[in-house]
Amino acid sequence: MNNPSVKAALRHQLITARRAMPADVKAQADERIMAALLTWLDAHRPSSLGAYLAMAGEPELMPLYQGLEARGILLAMPVALEKQAALVYQRWRPGEPLARDASGMQAPAVRTAQIAPDVVLAPCVGFNEQGFRLGFGGGYFDRTLAVNPRPKALGIAYASTRVSFPTDPHDIALDLIITD
């Protein structure tokens, strides 16, 4: 089996399992992830954070985002301006309007204040022991992490999504994976 089919099967399996998590179990796991992320942020004190908007059962971090500006951390959200390109990060505050970007994902509607965040969060469909992320397969995060200088990249995942999968030459390992 080649890598794309192995990864596609894993994506389907992991997303299905993630969506089947009971709401109370997911909420508790999300709380543990937010606590661990907040501990990391307090220890490392980045001035800006590339966040994400949860979809398809990803860990929900919005409650954490709402308090970060008071801690001196600017938030930015990823925007795909065109397919097959790296993401850019747009300054964003919780509650500001959203619109679909070139990838079809929700992103800030106003796109006039791009920033290069110190740290970016990369939601993981799955991850492996070597710190590689399995995403939705569009390659946006790999292209984003290939830029220089590269931001510190933190994977956000449920511990149950740690799996073994083959990597490709274009895959880029994350600096750290934060789980529940």
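A search of the whole structure finds ten salt bridges (a side-chain nitrogen of Lys or Arg within 4 Å of a carboxyl oxygen of Asp or Glu). This is a predicted model: local features need pLDDT of at least 70, side-chain atom pairs count only at pLDDT 80 or more, and totals for chains, interfaces and linings use all residues. Residues are numbered from 1 along each chain as its sequence is written, and side-chain values use heavy atoms, with hydrogens and water left out.

Start with the sheet. It is open and has seven strands, in the order E6-E3-E2-E1-E7-E10-E11, with mixed pairing. Strands (E, at least two residues) and helices (H or I, at least four) are DSSP runs, numbered from the N terminus. Two strands pair if DSSP finds at least two bridges between them. Strand E6 (114–115) and strand E11 (176–178) are the edges, each pairing on one side only.

E1 (residues 48–50) runs parallel to E2 (residues 74–79), with three bridges. Here Ser 48 has Leu 74 as its bridge partner. E1 also pairs with E7 in the parallel sense, over two bridges. There, Leu 49 partners Val 119. Five bridges join E7 to E10 (residues 152–156), again in parallel.

How many residues of strand E7 are buried? Five of the five are, so this strand is largely enclosed by the rest of the structure. Buried means under 20% relative accessible area, exposed over 50%, and partly exposed in between (1.4 Å probe, protein chains only). In a regular strand the side chains alternate between the two faces of the sheet. Val 119, Leu 121 and Pro 123 lie on one side of E7, Val 120 and Ala 122 on the other, and all are buried.

Back to the salt bridges. Asp 171 pairs with Lys 7, the closest N and O atoms being 2.9 Å apart. Asp 171 sits in the loop between E10 and E11, and Lys 7 in helix H1 (residues 3–19), 164 residues apart. Asp 171 is buried at 12%, and Lys 7 is buried at 7%.

Another salt bridge joins Arg 162 and Glu 129 (2.8 Å, N to O). Arg 162 is in the loop between E10 and E11 and Glu 129 in the loop between E8 and E9, so the pair ties together parts 33 residues apart in sequence. Arg 162 is partly exposed at 48%; Glu 129 is exposed at 61%.
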